[in-house]
Amino acid sequence: MRRRNQVSTYLTIVVLGSILMVPIAWMISIAFRSNPDVFSMPLQLIPEHPTLDAFRTVFGNKSLLRLFVNSYIVALSVTAICILFASLAGYGFTRFKFKGKNGALIYILLTQMFPMVLLSIPYFLFITSVGLYNTYIALILAYTSFSLPFSIMMMRDFIATIPKEMDEAATIDGCGPFKTFFLIILPPSLPGLIATGVYTFILAWNEFLFAVVLTNSVNVRPLTIGIGMLIGEFATEWNALMALSFMASVPLILVFLFLQKYFLQGLTAGSVK
Amino acid sequence: MKQAHTNSENHLKSSGRSRSQGLMDFFIKASFVMPAMILLLLLTGYPLFQVIQMSFFDYTDKAKPVFAGASNYEAIINDPLFWNAMSNTAVFTIASVICGLVLGLTLAILLNQPINTRFRAIYRSLLMFPWLTSSTVIAATWILILSPFGLLNWFLRSIGLESLGQTAWLSEESTAMFGVVLANIWRSFPFMMLMFLAGLQTISKELYEAAEIDGAGFMHRLRYITIPQLKSILLTVAMLEMIWNFRSFDLVFLMTGGGPMNATEVMSTFIYHFAFRKLNFGYASAAAIIMLLIMISASILYLRASLRKEANDH
C-alpha cells in the first residue's frame, strides 16, 4: 500500500512537472529551427532539421548583444545599492529601539503596494526635466524604488536570526555599533546577503515598465525591452526571438542553481516561523 | 532649602545632558536605518506627493497645466472604460491567485512526500524556472503557444477538439483574458510552491502519523492538519500575490496590449495608456491614486497582521 502510494507520488510529480515544463521545452525547440519551420504544418514537436541559424542571427546582431551588457550594468548596480542600504537598515531595525521605528516599518510595507505605473509618471517627468532620460542612472534609481523595500525586509528577517548575544559580547569587548556591524554581523549574514542579492538581481534583470518609460535607445535599453520590441515587429523572427529568450534566461537560471541553497534559506527566513 | 536648590539644579543639568545624550543616541541608532529610509522617501514618498498634486490638474495644455479641482476624479468615476479596467483587473487577479494557490499547494504537498531527496531537489529547481524567466520571455513564449497555429491548438486538434483547436486565443474578445491568465499562473506558481514547501517542512511529522493511526484519509489530513498549520503562510502568500497581480502590467501589455476591444485592459495598462499615449498626466495620476487607495484598503488586514507579528518578534 505504502509502496503503491509512493509510485503514484513519483508518477504525479513527473507528469505534472513535464506539463509545466512544456513552455520552456517549446522555447528551446523553436530556438533550434529555421524560421519557416516555426509554423510548418503538421507542427514539428522536435525540430526535424535542427539548426543554429537563430543563434547566428542573434550573435550577428551587435545591438542585441549590447542589450545584455546594459542589463548586466543596471542589474548589478541595483543589487550593490540594495545590499549596502538593506544590510545597514536590517541591522538597525533588529538591534535598536528608536523613535519612529514602527512608522518606518509601516512605510516600507506601504511602498510594496505602490503600483509601478503610479511611480512611472513622476519619474518620467523628473528624469526628462533633469536630462537623465535614456541613461543608466535613470533605470538604476527607478529599479531601486521597488527592490529596496523587499531587500530591507529580507535582510531584517535574516539578521533577526543571528543571536543578539554575539553583538552584546562585542559591545562588552569595547566595539562600537559600526565595528560590531562590520566584524560581528556581516560575516554570518552572508547567506542572507546572497539571498537578497539574487532576489534583487532577478527583479532588476526582469523589469519592464520603467525601461519602456525611461529609455528609448539601444545604448541603454535592457534585454527585456529588446525582446519586447521583437514581439512587436511586423514579420517576427520567432526562432531568433526564442533563441534570445533562451539566452536571456540562462544567466538567471545559473545564478539560481549555484546559489539556491542560500537563496531558499534567506527567502523563507522571515515568513516561515 | 539650599540643598533642595542644588538638587534641582543637579537634576536639571543631568536631564539636559541626558537629552543631548538621547539625541546623540538616536542618531547613532537611527544612522543604520536612515540612509535606506531617506533614499526610499526620495524615490517613493516625494513622487507620490507629486502624483497626488498632479491628479488635481488639467493637462490639456501640456505647457501650462491648470488647477482643476476634483474634475479628473469625477471624469474617471463616469468613465465606462475605467470600470471595465477595474472588473478586468478583478477577474485577472482573482483567477490568477486562486489557480496559482491550488497549483502551488498541490506541488508543494507532492514534493513534501517521503521521496528521494535528490529527485525532490531536481524537481524543485526545475519548477522554479518559470519564476526566473522574465515577463517578456514568458509573453513571447505564450504568444507562440497560443497562436492559431501554435502548440495549444495542435494539442486540442490532436485529441479531437477540431473546432476549439482553431481558436486565435489572444485575438478573440472572449478568450484573450483566459490566455493572459494562463501565462500569468504559469509565471506565479513557483514562488507559491516554494513558500508552501518551506512551510510544510516545519509541520511535525508526528501530527500526520497520529492522524494516520486514527485512520484519517488524505482529504482529512489536508483539511485538519495541513491547511490550519499553513494558515499564516497561506494568508501572507495570498496577500502578496493579490498585490502583485493587482498592479501587474507586463504580461497584459506585451501579450494583448489591453485588447482586443479592451477585453484585457487592466488598471496598470489603462493608466499607462492615458499617461504615455494620450499624455493626459492629470487623468492618469487620479486613476493611479484611486488604484493605490483600493490596494491599501484591500490589504489593511495584511498590514495589521504584519504589524502584530512585528510587535511579537522584536
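**Entry 1. Helix α6 of chain B**

I listed the buried residues of α6(B) and got Ser135(B), Thr136(B), Val137(B), Ile138(B), Ala139(B), Ala140(B), Thr141(B), Trp142(B), Ile143(B), Leu144(B), Ile145(B) and Leu146(B). The helix is mostly covered, with 12 of its 12 residues buried. I note here that the model is a predicted one.

I then checked the length of α6(B), which runs over residues 135-146. Its 12 residues at 1.5 Å each should span 16 Å, and the end C-alpha atoms are 16 Å apart, so the two values agree.

**Entry 2. Helix α5 of chain B**

I repeated the length check on α5(B), residues 117-132.

Which residues of α5(B) are buried? I found Tyr123(B), Leu127(B), Met128(B), Pro130(B), Trp131(B) and Leu132(B).

**Entry 3. The loop between α12 and α13 of chain B**

I looked at backbone geometry next. The peptide bond from Gly259(B) to Pro260(B) is cis, and its omega is near -10 degrees. Pro260(B) sits in the loop between α12 (250-255) and α13 (267-277) of chain B.

Met261(B) is in the loop between α12 and α13 of chain B. Its phi is positive, about 55 degrees, although Met261(B) is not a glycine. Is Met261(B) buried or exposed? Met261(B) counts as exposed, because it has 11 C-beta neighbours inside 10 Å and the cut-off for exposed is 12 or fewer.

Asn262(B) also has a positive phi, about 60 degrees, without being a glycine. I place Asn262(B) in the loop between α12 and α13 of chain B. With 17 other C-beta atoms within 10 Å, Asn262(B) is partly exposed.

**Entry 4. Chain A overall**

I turned to chain A and counted 12 helices and zero strands. The pattern along the sequence is α-α-α-α-α-α-α-α-α-α-α-α. Along the principal axes, the C-alpha atoms of chain A fill a box of roughly 75 × 70 × 30 Å.

Chain A has 273 residues, and 44% of them are buried. Of the contacts in chain A with a separation of 6 or more, 79% join residues 24 or more positions apart.

For confidence, I noted a mean pLDDT of 87 for chain A, with 95% of its residues at 70 or more. Within chain A, the lowest confidence is in helix α11 (residues 223-232), with a mean of 82. The highest is in helix α10 (residues 209-214), at 93.

**Entry 5. Contact between chains A and B**

How many residues does each chain put into the contact? Chain A gives 76 residues and chain B gives 75 residues. On the side of chain A that touches chain B, helix α1 (residues 2-31) of chain A supplies the largest share, 14 residues. By class, that side of chain A holds 57 nonpolar, 18 polar and one charged residues.

I picked one helix pair across the contact: α3 (residues 62-95) of chain A and α2 (residues 34-54) of chain B. Their axes come within 7 Å and cross at roughly 125 degrees. Why do I log α3(A) and α2(B) as oblique to each other? The crossing angle falls between the roughly perpendicular range, 65 to 115 degrees, and the roughly antiparallel one, over 145, so the pair counts as oblique.

From α3(A), the residues Phe85(A), Ala86(A), Leu88(A) and Ala89(A) meet Pro35(B), Ala36(B) and Leu39(B) of α2(B). The residues of this contact are seven nonpolar, no polar and no charged.

**Entry 6. Two residues of chain A**

I looked up Met113(A), in the loop between α4 (101-111) and α5 (116-129) of chain A. Met113(A) counts as buried, because it has 21 C-beta neighbours inside 10 Å. Leaving aside neighbours within four places in sequence, the contacts of Met113(A) are Ile243(B), Met295(B), Ile296(B) and Ser299(B). Met113(A) is 9.5 Å from Phe146(A), C-alpha to C-alpha, at 33 residues apart in sequence.

Ile184(A) is in helix α8 (residues 177-185) of chain A. It is buried, with 20 other C-beta atoms within 10 Å, and the cut-off for buried is 20 or more. Beyond neighbours within four places in sequence, Ile184(A) is in contact with Met166(A), Asp167(A) and Ala170(A). For Ile184(A) and Ala170(A), I noted a C-alpha to C-alpha distance of 7.5 Å and a separation of 14 residues in sequence.

Terms used:
Residues are numbered from 1 along each chain as its sequence is written. Chains are lettered from A and ligands numbered from 1 in the order in which they are written. This is a predicted model: local features need pLDDT of at least 70, side-chain atom pairs count only at pLDDT 80 or more; totals for chains, interfaces and linings use all residues. Helices (H or I, at least four residues) and strands (E, at least two) are DSSP runs, numbered from the N terminus. Two residues are in contact if their C-beta atoms, placed from the backbone, lie within 7 Å. Ala, Val, Leu, Ile, Met, Phe, Trp, Tyr, Cys and Pro count as nonpolar, Asp, Glu, Lys and Arg as charged, and the others, Gly among them, as polar. pLDDT is the predictor's confidence in each residue, from 0 to 100. The expected span of a helix is 1.5 Å times one less than its number of residues. Axes are lines fitted to C-alpha atoms, for helices over the stretch in contact, and angles run from 0 to 180 degrees between N-to-C directions. Angles under 35 degrees count as roughly parallel, over 145 as roughly antiparallel, 65 to 115 as roughly perpendicular and the rest as oblique.
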